[in-house]
Amino acid sequence: MMKNLPGTGATQRDVQMMQRALALAREAAAMDETPVGAVVYETVTGDVLASAHNRREADADPTAHAEILALRAAAQRVGDWRLNHCTLIVTLEPCAMCAGAIVNARIGRLVYGAADPKAGAVASLYTLCEDARLNHRVTPIPGVLAAEAGALLKTFFQNKRR
């Protein structure tokens, strides 16, 4: 059984998986991709089903966000597009495309690191994951290792501007 950490909805497993997602984000940065990493794990057992980092540049694909790639791989692995028994961990607040995919995949839990004030569609600009007009809702758990995730993004973009 996963225990929630005091003052958050996050569990110890969420923090471990966020550390894994951050390692993936660092891999993305080394490939000159925006450093975002994602992990999908089975909520009850803690088994990792899929993980990915951004690959938009490598794949020349505007949809190759870490979340989309991880959701696709997890669905393939379980043989079902419904991932209501899963937790998605991502280092950056999902954009509108990814938030829509999260809702459509029926993700059971969403945990993210840094907020995205320019494109975040979970809390910053929109609240797609909790919109009562949609057929599925997931309450996000924001801010898990946010400082580390934010610092990674900040450093990446500072280096890009040089």
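These notebook entries record what I looked up in this structure, which is a predicted model.

**Entry 1: strand 3 and its neighbours.** I began with strand 3, residues 86-92, and found it mostly covered, with 7 of its 7 residues buried. I then looked up its pairing. Strand 4, residues 109-114, is parallel to strand 3 and is joined to it by 5 bridges. Here I noted that T87 has R109 of strand 4 as its bridge partner.

Entry 2: I next asked which helix belongs with strands 3 and 4 in a β-α-β unit. It is helix 4, residues 96-104, and the unit is right-handed.

**Entry 3: R109.** I returned to R109, which lies in strand 4. Is R109 buried or exposed? Its relative accessible area is 16%, so I recorded R109 as buried, the cut-off being under 20%. I also found that the side chain of R109 reaches the backbone oxygen of G9 at 3.4 Å.

**Entry 4: aromatic rings.** I then looked up the accessibility of each ring residue. F156 is buried, at 9% relative accessible area, whereas F157, at 34%, counts as partly exposed.

**Entry 5: a charge over a ring.** Last, I examined Y41 and found R13 over the face of its ring, 5.7 Å from the ring centre.

How values were computed: Residues are numbered from 1 along each chain as its sequence is written. This is a predicted model: local features need pLDDT of at least 70, side-chain atom pairs count only at pLDDT 80 or more; totals for chains, interfaces and linings use all residues. Side-chain values use heavy atoms; hydrogens and water are left out. Buried means under 20% relative accessible area, exposed over 50%, partly exposed in between (1.4 Å probe, protein chains only). Helices (H or I, at least four residues) and strands (E, at least two) are DSSP runs, numbered from the N terminus. Two strands pair if DSSP finds at least two bridges between them. A crossover is right-handed if, with the strands pointing away from the viewer, the path from the first strand over the helix to the second runs clockwise. A polar contact is a pair of N or O atoms within 3.5 Å; within protein, one must be able to donate a hydrogen and the other to accept it, and residues adjacent in sequence count only if both atoms are side-chain atoms. A charge sits over a ring if NZ of Lys or CZ of Arg is within 6 Å of the ring centre and within 35 degrees of the ring normal.
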